[in-house]
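Here is a friendly briefing to read with the structure open beside you. Take a look at the picture, then follow the points below.

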Amino acid sequence: MRIFLETERLLLRRFTDSDVDNLCDLDGDPEVMRFINGGKPTPRDVIRDDTLPRFIHSYERFEGFGVWAAIERSTGRFVGWFEFYPWKDAGPHEIELGYRLRRSAWSKGYATEGSRALIRKGFTELGVRRVVAETMVVNAASRRVMEKAGLRYVRTLHQEWPERIEGDEHGDVQYALTKADWERRQVAERGRL
Ligand SMILES: CC(C)(COP(=O)(O)OP(=O)(O)OC[C@H]1O[C@@H](n2cnc3c(N)ncnc32)[C@H](O)[C@@H]1OP(=O)(O)O)[C@@H](O)C(=O)NCCC(=O)NCCS
């Protein structure tokens, strides 16, 4: 197993061809897919022929970036994924953060833990200068994770999406964190200890 990053409770590793079932389970839960496409499961052939090849391909272009499978260290179970990949494919300075976790793993702080570790690695080892994330205005859990990971609200966007999702009339929000702000916060936190 090629481990990319280890946190207190999670391992992040590369996806492999053997992850089809893991992704089918993840995307098979309507609650997980609620703010992605309104709750529809992703068909197995789409996962096998499109999603998983894209994830595996994501490690090739920019060293250190991609979509990472998250494993719960205490059980060895697949709990979902984190995306940490150049925003609009433009280069390693500006990175998009994303996450999708199985419902059984929600509300344990995993999304926050994985995001913080990726952000730290990005700023300290990978030359990242800014981390960006977007979600639906109504996706309160995702927005909360962004805030807890240190990102701040930038703007609200109204984009065209292929399908209607309940709440999409409110649009999407963009959050971001610069390296300078992250470093300032690290110093402030150390000062409080
Ligand atoms: C978004 C997601 C990754 C969060 O994962 P998680 O591991 O549960 O997140 P964390 O435990 O680190 O933090 C979640 C925070 O949101 C809060 N939260 C959860 N549901 C909420 C809701 N409906 N309203 C308001 N806050 C909510 C939690 O209380 C927690 O905040 P707190 O620590 O201040 O109490 C997970 O819900 C998920 O995979 N959802 C489906 C996929 C998705 O929507 N991905 C994002 C697309 S942009």
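Helices (H or I, at least four residues) and strands (E, at least two) are DSSP runs, numbered from the N terminus. This is a predicted model, in which local features need pLDDT of at least 70 and side-chain atom pairs count only at pLDDT 80 or more, while totals for chains, interfaces and linings use all residues. Residues are numbered from 1 along each chain as its sequence is written.

- Gly-28 sits in the loop between H1 and H2, and it counts as partly exposed because it has 17 C-beta neighbours inside 10 Å.
- From C-alpha to C-alpha, Gly-28 and Arg-9 are 24 Å apart in space, and they are 19 residues apart in sequence.

**The sheet**

- Eight strands form an open sheet with mixed pairing, in the order S1-S2-S3-S4-S5-S6-S8-S7; two strands pair if DSSP finds at least two bridges between them.
- Strand S1 (3–6) and strand S7 (152–157) are the edge strands, each pairing on one side only.
- Strand S6 (residues 130–136) and strand S8 (residues 172–178) run antiparallel and are joined by seven bridges.
- Val-132 stands opposite Ala-176 in S8.

**Around the ligand**

- The ligand is surrounded by 20 residues, and the closest are Ala-111, Thr-112, Ala-140, Ala-141 and Arg-144; a residue is near a molecule if its C-beta atom, placed from the backbone, lies within 6 Å of it.
- At least two residues of this shell come from each of H2, S5, H4 and helix H5 (140–148).
- H5 gives the largest share of the shell, five residues.
- The shell has ten nonpolar, seven polar and three charged residues; Ala, Val, Leu, Ile, Met, Phe, Trp, Tyr, Cys and Pro count as nonpolar, Asp, Glu, Lys and Arg as charged, and the others, Gly among them, as polar.

How values were computed:
A residue is buried if 20 or more other C-beta atoms lie within 10 Å of its own, exposed if 12 or fewer, and partly exposed in between; C-beta atoms are placed from the backbone.
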